[in-house]
Amino acid sequence: MCSKMATNTASRVSDGLNDTFVKEVIQEGSGLHKPNEGATCKVLITPSSPLPDAEGIIGYPINTECEICLGTGTGSLSSAFDSCIESMRLGEQCRLIFDAKIITSPDGTEWVCIVYLIGFSRSKEVWEMTSEEKLIRVSMLKDLGTKCFKEGRIEQAEVFYLRGLKYAITIGEQKDNRQKLLLSLNIAACQLKQKHYDGVIIHCTKALNIDSNSTKALFRRGQAFVELQDYELAQSDFDKCLQLEPNNKAVQNQVILLSAKRRKLDAHYAHTMSKMFGKSTAEKH
């Protein structure tokens with residue numbers, strides 16, 4: 001079946017991370033199926049204008065036909081290209097257009113890439129995988145997340161960890177609890193750096209449901225409680241940490257900082273109450 005040309009066929013592509021991007025179909029593809037996460041895809045990605053480290057930003061090779069494993073790009077815009085390719089049919093060509101607030105061409109205009117899906121082999125869906133296959137996928141995604149985390153790309157790291165956790169929780173076997181624990185801790189670490197303190201508490205609590213003596217979970221949750229000024233809960237987590245690891249310097253330092261914050265808060269309340277009652281007494285006289 002021959003591919004058909006298409007004109008002005010535009011749709012928005014969401015990557016679930018940065019924003020939505022406009023996808024314009026240049027040439028329609030054929031068939032009913034589309035690539036899925038983990039699919040092996042033969043693609044040609046061609047930026048319309050040169051950009052420093054374009055390949056690093058995209059996370060996949062450019063200007064050459066290549067095979068990629070969909071969902072493994074670690075560039076800042078990889079998730080956009082993943083979403084785009086997942087929406088394509090065999091033989092389809094499209095423009096992926098980025099708004100200037102996301103990235104710009106050297107001349108200051110919106111950046112455009114031509115994406116051509118030459119061929120693909122779909123991956124198994126999660127319900128089709130064996131436990132061993134899921135564990136392999138979990139390990140791969142965790143490693144990609146750690147790579148991004150070490151490079152300071154925290155949002156992308158969190159996306160990989162969350163995807164890994166999605167596979168891990170479907171295994172439902174005791175042997176996978178360690179992976180669930182590690183991924184929950186890693187997600188909490190990402191959210192702590194992004195100051196998403198409620199999320200830190202949620203994922204640390206999930207980790208503690210697996211291992212109630214996880215000092216990392218207690219420590220990170222305690223830090224989140226401090227930032228939310230839930231000082232009693234923070235103290236409880238730090239105290240348990242020190243019961244488990246009495247010589248943990250990081251926890252000891254947090255306890256010192258927490259004590260200072262509590263004294264400052266107590267002083268503030270005392271000053272406020274003093275002013276309040278002082279004003280009341282003055283009014284009576």
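Predicted model: local features only at pLDDT ≥ 70, side-chain atom pairs only at ≥ 80, totals over all residues.
**Ground rules.** I number residues from 1 along each chain as its sequence is written, and my side-chain values use heavy atoms, with hydrogens and water left out. Local features need pLDDT of at least 70 and side-chain atom pairs count only at pLDDT 80 or more, while totals for chains, interfaces and linings use all residues.

**Entry 1: the whole chain.** I looked up the helices and strands, and the protein chain has nine helices and six strands. Both are DSSP runs numbered from the N terminus, with helices (H or I) of at least four residues and strands (E) of at least two. Of the 285 residues, 44% count as buried (under 20% relative accessible area, with exposed over 50% and partly exposed in between, using a 1.4 Å probe and protein chains only). I also checked contacts (heavy atoms within 4.5 Å). Among those with a separation of 6 or more, 59% are between residues 24 or more positions apart.

**Entry 2: α4 and α5.** A reminder to myself: two packed helices are described by the angle between their axes and the distance between the axes. The axes are lines fitted to C-alpha atoms, for helices over the stretch in contact, and the angles run from 0 to 180 degrees between N-to-C directions. Helix α4 (residues 154-171) packs on helix α5 (residues 177-193) at about 155°, with the axes 9 Å apart. The two are therefore roughly antiparallel (over 145 degrees; under 35 is roughly parallel, 65 to 115 roughly perpendicular and the rest oblique). α4 passes α5 in a left-handed crossing, that is, the near helix is turned anticlockwise from the far one by less than a right angle, whereas clockwise would be right-handed. Among the residues in the contact I found Y161, L165 and I169 of α4 and L183, S184 and I187 of α5. By class, this contact has 10 nonpolar, four polar and three charged residues. Here Ala, Val, Leu, Ile, Met, Phe, Trp, Tyr, Cys and Pro count as nonpolar, Asp, Glu, Lys and Arg as charged, and the others, Gly among them, as polar.

**Entry 3: S184.** I stayed on helix α5 for S184. Is S184 buried or exposed? At 2% relative accessibility, S184 counts as buried. Leaving aside neighbours within four places in sequence, S184 is in contact with L165, H203, K206 and A207.

**Entry 4: α6 and α7.** Next I took helix α6 (residues 197-210) and helix α7 (residues 215-227), whose axes come within 9 Å and cross at roughly 155°. α6 and α7 are therefore roughly antiparallel, and their crossing is left-handed. The contact includes V200, C204 and L208 of α6 and L218, R221 and F225 of α7. I read its classes as 10 nonpolar, one polar and three charged residues.

**Entry 5: α5 and α7.** How are α5 and α7 arranged? They pack at about 25°, with axes 10 Å apart, and are therefore roughly parallel. This crossing is left-handed. L185, N186, A189 and L192 of α5 meet K216, A217, R220, Q223 and A224 of α7; these divide into five nonpolar, two polar and two charged.

**Entry 6: S49.** Last, I went to the loop between β3 (40-47) and α1 (54-58), where S49 lies. S49 has 17% relative accessibility and so counts as buried. Its side chain makes a polar contact with the side chain of S105 at 3.0 Å (a pair of N or O atoms within 3.5 Å; within protein, one must be able to donate a hydrogen and the other to accept it, and residues adjacent in sequence count only if both atoms are side-chain atoms). Not counting residues up to four places away in sequence, S49 touches S105, P106 and W111.
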